[in-house]
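This briefing sets out the structural features of the entry shown below.

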Amino acid sequence: MIEVKNLSKHYGQNTAIDNISFSVEEGSVVGFLGPNGAGKSTTMNIITGYLSASSGTVTVGGFDILEKPNEVKKLIGYLPEIPPLYPDMTVEEFLNYMYDLKKVTIPRKKHIKEICELLKISDVYGRLIANLSKGYRQRVGFAQALLGNPSVLILDEPTVGLDPKQIIEIRNMIKELGKSHTIILSSHILPEIQAVCERIIIINKGNLVADGTRESISQSLGGENKVTLCAEGSESEIFKGLKNINNVEAVECGGEKEPGVFEYYVFAKKGCDIRRDIFNYCSKNNYPVLRLVNSALSLEDVFLRLTSDNNIEVNPTNNEESGDKK
Amino acid sequence: MKAITKREFKAYFTSPIGYVFIAVILALYGYYFFQVLMLRSSSFISSVYATMFVWGMMFIPILTMRTFSEEMKNKTDQALLTAPVGVTAIAAGKFLASFAVFAIAMTATLIPVLIIGFFSAPSWPVILGNYLGSLLYGAAMIAIGTYISSLTQSQLVAAISTFGISILLLVIDQLTSLVTDDFTVKIINWLSFTTRYQPFTKGILSISSIVFFLSVIAVFIFLTARRIENKRWR
């Protein structure tokens, strides 16, 4: 549905995006992940035809954005980072204006009413946009993108400014829309991408650094196979015992966490799940297991690894420790 | 384009700009109408239009300053430019909305003249000539103002620049007396809006003047469209 080839964009001396290529199949939900200023919005602006690329091509539904801009624009519903709302219009006026502007042919009243109900903005329908809260504005912006039922939705940080309940509602809505639409969604909120998207594209400093499902990305990074164990009993005994389990490469002791309870980091060979072995060993020797966690790379770790400047050592256990304190 | 014109036109009247613009134009017209025609017992309507017209041109920047600057500042141009509408339609739509407000103000100035028409026979060719001339001159200024607005995010900068150009065009004729070079005088005369406007005030429907003003409008709508397009490439 969307084909992006060798896309670059320069702002004077600055390179906003550098030779990005990817394609999105019809009906998939793709998450664009990256720190601030990574080039997410620029890429989206180019796909929607708001900006032009310095080089490279974008085709949507088979139409080139430069050759057939109007055809492409008809296919796309776009919610920019800052919702493009006129403060001097009411929601009603604004949606009707966008309906005309987008040359929508679906029966007007019913269509607008449906969208308002979907986004729960019917109760502010007659109010001036200037007087709406951020959450409502965001949803009116979303409503505008859905007008005309475009087959591609491009959403630039759609849940910014919403309260937690609304965020969940919008996420569920995006999931629901994803069944019948092609969606590109950008965010720097990791759980959001994780919750909604099948596929993740991570960009950093204008470069595409990863593309795939969450699992495939963390696997390709070669995350270490590490298990964290908290067990009660003699430290040295357990330490020795763990080392003797099959496929275990190394064991580290993490110190005493509670009286008589020690933490151990067990490193296993790649591809081996040693959690059962550890459990069996502990139960056989009567060491109560208080916690047993597989510390695979979370999306957060993947993200930090791929986007941090000085390759900050990502240590999954650190996260867990801070979690313990809470 | 229709949707854009409709929205822009409405926007003039949801804020006070449209009302204030029309009110001020009509107040000035009323004043000069009274001063020239009543106090001097003259029927020289051209003088009313000519004086009022100068003021009118000074207010046009107020109409045009917001057209694109506001969109850029509010980022609403993202909706406009990602909608399936051509850039020329956007530029023309904006121009038409500003022009409609100006045309309403100018048309309202005909009301006192019409009333006089019931009681005597004013020189209709001169009156309509003045009316049409003002409309065309104003439309050309609006096209220029719209273009300037597309150059900057700041409404103030847009207004002041348009104001400057407006004044320059009003006084450019006076430069001819300072310049001796024939060629330069020729260029100034060619550029001068006022020399094109003059025939109308005498009640002459000058085709070349109409073509001149329409060309200026077309050129600046075209430039505005190019400017919007060009912004994508920066």
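In this predicted model, B:Ala143 is in contact with B:Phe95, B:Val216, B:Ile217, B:Phe220 and B:Ile221, once its neighbours within four places in sequence are left aside. B:Ala143 is also among the residues with the most contacts inside the largest nonpolar core, which has 125 residues.

**Nonpolar cores**

- Besides B:Ala143, the residues with the most contacts inside the largest core are A:Phe94, A:Ala143, A:Ile154, A:Leu185, B:Ala140 and B:Ile142.
- The element that gives the most to this core is helix α6 of chain B (residues 87–108), which contributes twelve residues.
- Another core, of eleven residues, lies apart from it; A:Val227, A:Ile238, A:Ile278 and A:Cys282 are among its members.

**Contacts between chains A and B**

- On the chain A side 23 residues are in contact with 16 residues of chain B.
- Three elements of chain A, namely α2 (69–75), β6 (76–79) and α3 (91–101), each supply at least two residues of the side that touches chain B.
- The largest share comes from α3(A), with four residues.
- By residue class, this side of chain A comprises twelve nonpolar, five polar and six charged residues.

**The sheet β2-β1-β4-β5 of chain A**

- Four strands of chain A form an open sheet in the order β2-β1-β4-β5, with antiparallel pairing.
- The edge positions are held by β2 (14–24) and β5 (63–64) of chain A; each has a single partner strand, so one side of each is left without a neighbour in the sheet.
- Strand β4 of chain A (residues 55–60) is joined to β5(A) by two bridges, and the two strands run antiparallel.
- Within this pairing, A:Val60 has A:Phe63 of β5(A) as its bridge partner.
- Helix α1 of chain A (residues 40–47) lies across β1 (2–11), β2 and β4 of chain A, and runs at about 120° to β1(A).

**The sheet β12-β13-β11-β14 of chain A**

- A further open sheet of four strands in chain A has the order β12-β13-β11-β14, and its pairing is antiparallel.
- At the edges stand β12 (248–258) and β14 (289–294) of chain A, each with a single partner strand, so one side of each is left without a neighbour in the sheet.
- From one strand to the next, the twist averages 15°.
- Eight bridges pair β12(A) with strand β13 of chain A (residues 261–268) in the antiparallel sense; one bridge links A:Val251 to its partner A:Val266 in β13(A).
- Helix α9 of chain A (residues 235–243) lies across β11 (226–232), β12 and β13 of chain A, at about 155° to β12(A).
- Helix α10 of chain A (residues 275–284) also packs on the sheet, where it touches β11, β13 and β14 of chain A; its direction makes about 165° with that of β14(A).

**A:Leu155**

- A:Leu155 belongs to strand β7 of chain A (residues 152–156).
- A:Leu155 counts as buried because it has 25 C-beta neighbours inside 10 Å, where the cut-off for burial is 20 or more.
- Not counting residues up to four places away in sequence, A:Leu155 touches A:Leu79, A:Ala145, A:Ile183 and A:Leu185; A:Leu185 is itself one of the residues with the most contacts inside the largest core.
- Although A:Leu155 and A:Pro80 are 75 residues apart along the chain, their C-alpha atoms are separated by 6.5 Å.

**Chain B as a whole**

- Chain B has twelve helices and zero strands.
- Its radius of gyration is 19 Å, close to the 17 Å that the globule rule gives for 234 residues, so chain B is as compact as a globular protein of that length.
- The C-alpha trace of chain B spans about 60 × 50 × 30 Å along its principal axes.
- Of the 234 residues in chain B, 38% are buried.
- Among contacts in chain B with a separation of 6 or more, 79% are between residues 24 or more positions apart.

**B:Phe59**

- B:Phe59 lies in helix α3 of chain B, which covers residues 45–64.
- B:Phe59 counts as buried because it has 20 C-beta neighbours inside 10 Å.
- With residues up to four places away in sequence not counted, B:Phe59 touches B:Phe21, B:Val24 and B:Ile25.
- B:Phe59 and B:Val87, 28 residues apart in sequence, are 26 Å apart in space, C-alpha to C-alpha.

Conventions. Residues numbered from 1 in each chain as written. Chains lettered and ligands numbered in written order. Predicted model: local features only at pLDDT ≥ 70, side-chain atom pairs only at ≥ 80, totals over all residues. Pairing = 2+ DSSP bridges. Contact = placed C-beta atoms within 7 Å. Axes fitted to C-alpha atoms, helices over the stretch in contact; angles between N-to-C directions. Core = buried A, V, L, I, M, F, W, Y, C linked by C-beta atoms within 7 Å. Buried ≥ 20, exposed ≤ 12 C-beta atoms within 10 Å, placed from the backbone. Nonpolar A, V, L, I, M, F, W, Y, C, P; charged D, E, K, R; others polar. Rg over C-alpha atoms; globule rule 2.2 N^0.38 Å.
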